[in-house]
Amino acid sequence: MADAGSKPATSTKFRNDSNRSRPTQASKYAACSGSLNLSHLVHTGQHRPTARLNFVTNSAPNDVDTLCDALKPIGTRQCHDFRKRIFTTHQSLADDLGRSYLETVQEKSYVEANRNLLRINDRLLIHDLNLSDDEDSLKTFCKKQSNTCREFAERLNYSPKAFDLACDLANRYRITPPHAKDYQGDIYPCIKRLCSEKWWRKKIYGLQRKTIESVARDLGLVCQQKNAYASQRAVAQRTRQKAKNLEYLENTYIENDLGQRFSLLEMYDRSTSNPKVRRAELMTRIKGFEIVADQLGHCGEFYTLTTPSRMHARFKRGGKNPKYDGTTPDQAHKYLTDLFCCIRAKLHREGITTYGLRVVEPNHDGTPHWHLLLFMRPEDTAQVRDIFQCYALKDSGDEKGALKHRFTAKAIDPSRGSAAGYVAKYISKNIDGAHLENDTLGNDSTQAARSIDAWASTYNIRQFQFLGGPSVTIWRELRRLSNSPEALPPDYPIALRQALQAADSAEWAAYVMLMGGPIMRKSERPIQPLYDHKTALDTSTGELNEEALSQYGDSKAPKLIGLIVSTRKLITRLQVWAIVVGRNATETAASLRGCAVAAAPPLDLCQ
């Protein structure tokens, strides 16, 4: 086919006459056929439409007929039927799809708009699963798949063949099945998960959120000019989820065998789930690291790592990035994670140690980038910068702007401000926007924080991570212990007393030094967490210990019950707690008195 793509098969101008059928010479290349190769119909831009379509921008999202009528002058009769079929299939997204379709027509051609619509349809339709369906439809789908897996398991007696069939079913819908290696090589817990409607819901709902948000990002709905960081849909969904969680916390209690009762909302307000508490703890820890670095003669460095341009969907001005390859934010985050793993391995081989904080935040179009506040020896700074830059430029390092933007470094100058103050705005921006008027894009900081929270929740991205330093689990356990002096033995070791005082005074720097400094192997620190490792099988009787098994038949994760100080075990969690829904907590507590275990799963929220 000579000169393929150099000229559109038919004119892409709007045809307002009554005959909108495709010309005979182009009928075999129907642009709205998903089974045909459309590469020869790519528009060259030579015949862009000059007329402006009277697009109904205020139509309801589900009013497919109105939307299709607005787009009717574009393309052929087959195109009209094709669009209507897809808009009907994805009614909840029809309005956004229609707007994007019109933009593509105005920028390129209706042929390219049809191709984009096909690609989006393929992402949202996975065999008989429609990711744009409502919650009830997805629940029905999950129940059907879990029942199918249960039939495999019961018919084949939970054999490897049943596991393979269930895994094939999960893979069919782009769901990663559980791996036996994660459960000591036992396939039974894996099969039980695949037979669980709850497991399927979690996976499908997560896939739906990521896919629809990625589609919205590709459509240009996530950018500085429209909705920075996350789409309106994602923010609204996250808001509904938080409201639902709050209602559950308000109406759910925990009660122990002594009759003490607390609402989960009280526990939430006192834990790091509360944004205010979370922000305060992050600032306390980073300030403590800064004090430690000052005592040890270390210096601070502020680094920024970004992804290659092919992972960015939009330019700053909102235009499409022609280099964009469809990388989703979670895939871009994995790229940065793998990159940093290589960097840390290289630093380890060179004998260089660093400690500090990593913050992940989105660009205006949802593409993640990393900020790192690291402390190190002054003589290592030049080599650390070289290592970071070398690895950051390994992927497309010769593209325009890579040397300038892919990796940036700034030395923390104590005379111009503290390191904690330098990262305070990044911490606040990514939590609740407190103490900030606007973000870096000029948006309201509170609304920006909501969008960033929705972005992180949608893509399961951990926003903050400390590098180096002792366990924060022990720190929190010590702070709990300071409120329960009756749990302390009269002759507790001096190391515990000093660490207890540091934690109770929120002195992270003192705690770090008492625990051996910022860089030390976890196993060598003077205080260790004590976990209750319940065995699933009682060797003396040969019976299964159901308390040690999860609902899927595998061993539960070890439960924190205390601390180990100088080989001495200190039990700090003595009470048995149960979840009580509603206000019948008193009756439940009465049933717990005199019982060795709680009827409901115990909690680690309080003593």
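**Exercise 1.** Describe how helix α5 and helix α8 pack.

*Solution.* Take the geometry first. Helix α5 (residues 135-155) packs against helix α8 (residues 197-218) at about 135°, and their axes are 9 Å apart. Axes are lines fitted to C-alpha atoms, for helices over the stretch in contact; angles run from 0 to 180 degrees between N-to-C directions. The angle therefore makes α5 oblique to α8 (under 35 degrees is roughly parallel, over 145 roughly antiparallel, 65 to 115 roughly perpendicular, the rest oblique). Next, the handedness: α5 and α8 cross right-handed (the near helix is turned clockwise from the far one by less than a right angle).

Now the residues. Contact (heavy atoms within 4.5 Å) involves, among others, Leu138, Phe141 and Cys142 of α5 and Trp200, Ile204 and Tyr205 of α8.

The model is predicted: local features need pLDDT of at least 70, side-chain atom pairs count only at pLDDT 80 or more, and totals for chains, interfaces and linings use all residues. Residues are numbered from 1 along each chain as its sequence is written, and side-chain values use heavy atoms, leaving out hydrogens and water.

**Exercise 2.** Work out the strand order of the open sheet and find its edges.

*Solution.* Start with the order. Three strands run β4-β3-β13, with antiparallel pairing (two strands pair if DSSP finds at least two bridges between them). Helices (H or I, at least four residues) and strands (E, at least two) are DSSP runs, numbered from the N terminus. The edges are β4 (261-263) and β13 (577-581); each has a single partner strand, so one side of each lacks a neighbour in the sheet. From one strand to the next, the twist averages 30°.
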